[in-house]
Amino acid sequence: MKAQQRPWIRPFGVLVIAVAAVLHSAALLYAFPAGPPKTSSSDDDGQESDDLRGKPASKKPLLVQMAEEHGYRLGDGEDVKRIAPPFEPIRAKYYHEAHPGQAAAINDPPDAMLFYWSDRDRGLKQWKMNFGGHDLRGIFDFVAEIKGQAIEGPDDLMRQRITGDWIVRVGTRDFRLVKQLEEILRHDLSLPIRLEFREVERPAFVVTGEYKFHPLDEKQARLLADYNLRPNTINIFGKSPVPNSGAGGGSGHFSEMLEWLGEWIQMPVVSDLENPPTNDFTWYLHARRPMTKQTRAEDHDPQLVMANFVAQTGLKVSEEVRPVRVLFVVRREANE
């Protein structure tokens with residue numbers, strides 16, 4: 001595990017750092033807001049905007065060079081692409097110039113980067129980075145935004161380590177993206193797999209009622225920084241919140257927060273709200289360090305976590321068996 005820094009560089013969805021070791025593998029994930037970028041040339045950091053706008057410059061921006069000269073682009077009919085290591089030096093140069101704060105904390109470039117390709121802007125935008133690498137389950141989240149509670153497959157396949165950078169076409173999700181990802185995993189990495197979505201019945205937490213934000217109680221709030229306590233900021237924790245836990249977080253719509261919540265407890269969380277919130281949310285994950293078997297069980301305990309979620313949202317939660325959409329990783333036979 002490489003060095004960590006604060007889980008949030010800037011609040012409200014500009015940058016996120018999450019420790020994926022909490023769930024799947026020893027990895028540090030550094031990401032932009034939950035969900036893919038809009039098809040826009042603007043950039044919150046102001047460091048990559050010229051790459052997307054294509055403004056004239058005396059020197060081509062690094063992302064433009066990576067796209068034009070080093071294969072970091074998508075062709076016609078191509079929605080996802082893997083760039084295999086070893087990486088060319090321009091990648092490390094981009095990392096240090098575009099993310100100087102992150103590079104000061106972790107000098108070595110990330111093990112994996114995710115880029116989005118925009119047809120409208122004909123440009124490349126870097127979106128996530130991962131320190132520590134991925135297993136197969138982590139790749140589905142990193143590339144296709146499919147959380148762990150919605151993935152099932154043989155343990156030996158799910159533990160396979162996957163290397164490389166990824167480029168995804170903006171707006172491509174679900175079946176089309178997954179089928180192309182399957183081809184890459186089969187042909188580039190020789191994994192004997194078939195990927196298929198199924199709707200299956202699984203135990204789930206069902207959320208009902210009317211959302212009304214409630215801050216943490218005074219004892220819990222004293223543990224946390226002010227940015228953890230802003231309206232529509234939900235702290236996801238089991239036994240207790242943890243100041244600067246490094247477990248990460250995100251921002252986005254209510255449905256995105258429920259996906260993260262479900263991954264934290266490894267159970268689907270389904271919304272039956274008649275009037276779901278339309279405002280954006282910020283959420284923080286809390287895990288104690290050093291992690292032990294007991295602390296991990298307590299921090300991710302579904303009953304504790306959901307009780308704390310209810311206390312902050314005013315919603316109601318029940319446990320039911322519900323049909324949910326699951327991505328199945330199926331082992332291919334030799335004759336397939």
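The model is predicted, so local features need pLDDT of at least 70 and side-chain atom pairs count only at pLDDT 80 or more, while totals for chains, interfaces and linings use all residues. Residues are numbered from 1 along each chain as its sequence is written, and side-chain values use heavy atoms, leaving out hydrogens and water.

Start with the whole chain. It has 11 helices and 15 strands. These are DSSP runs numbered from the N terminus: helices are H or I with at least four residues, strands are E with at least two. Of the 336 residues, 52% count as buried. Buried means under 20% relative accessible area, exposed means over 50%, and partly exposed lies in between, with a 1.4 Å probe and protein chains only. The accessible surface comes to about 15400 Å². Carbon and sulfur atoms hold 50% of that surface. Areas come from the Shrake-Rupley method with a 1.4 Å probe; for residues, only the protein chains shown count as cover. Contact means heavy atoms within 4.5 Å. Among contacts with a separation of 6 or more, 73% join residues 24 or more positions apart.

Now the sheet. Four strands form an open sheet in the order E7-E15-E10-E13, with mixed pairing. Two strands pair if DSSP finds at least two bridges between them. Strands E7 (151–152) and E13 (269–271) stand at the edges. Each has a single partner strand, so one side of each is left without a neighbour in the sheet. Strand E10 (residues 193–208) and E13 run parallel, joined by 3 bridges. Within E13, Val 269 stands opposite Phe 205.

Helices pack on this sheet. Helix H5 (residues 136–144) touches E7, E10 and strand E15 (316–331), and its direction makes about 105° with that of E15. Helix H9 (residues 254–265) touches E10 and E13, at about 155° to the direction of E13. Axes are lines fitted to C-alpha atoms, for helices over the stretch in contact, and angles run from 0 to 180 degrees between N-to-C directions.

Look next at Val 326, found in strand E15. Val 326 is buried, with a relative accessible area of 1%. Glu 196 is 130 residues away in sequence, yet 8.3 Å away in space, C-alpha to C-alpha.

Strand E12 (residues 249–252) is covered on both faces. Gly 249 and Ser 251 are buried on one side, Gly 250 and Gly 252 on the other. E12 runs antiparallel to strand E14 (residues 281–285), with 4 bridges between them. Gly 252 has Phe 281 of E14 as its bridge partner.

Finish with a helix pair. Helix H2 (residues 62–69) packs on helix H3 (residues 89–98) at about 160°, with the axes 10 Å apart. H2 and H3 are therefore roughly antiparallel. Angles under 35 degrees count as roughly parallel, over 145 as roughly antiparallel, 65 to 115 as roughly perpendicular and the rest as oblique. Leu 62, Leu 63, Gln 65 and Met 66 of H2 meet residues of H3, among them Ile 90 and Tyr 94.
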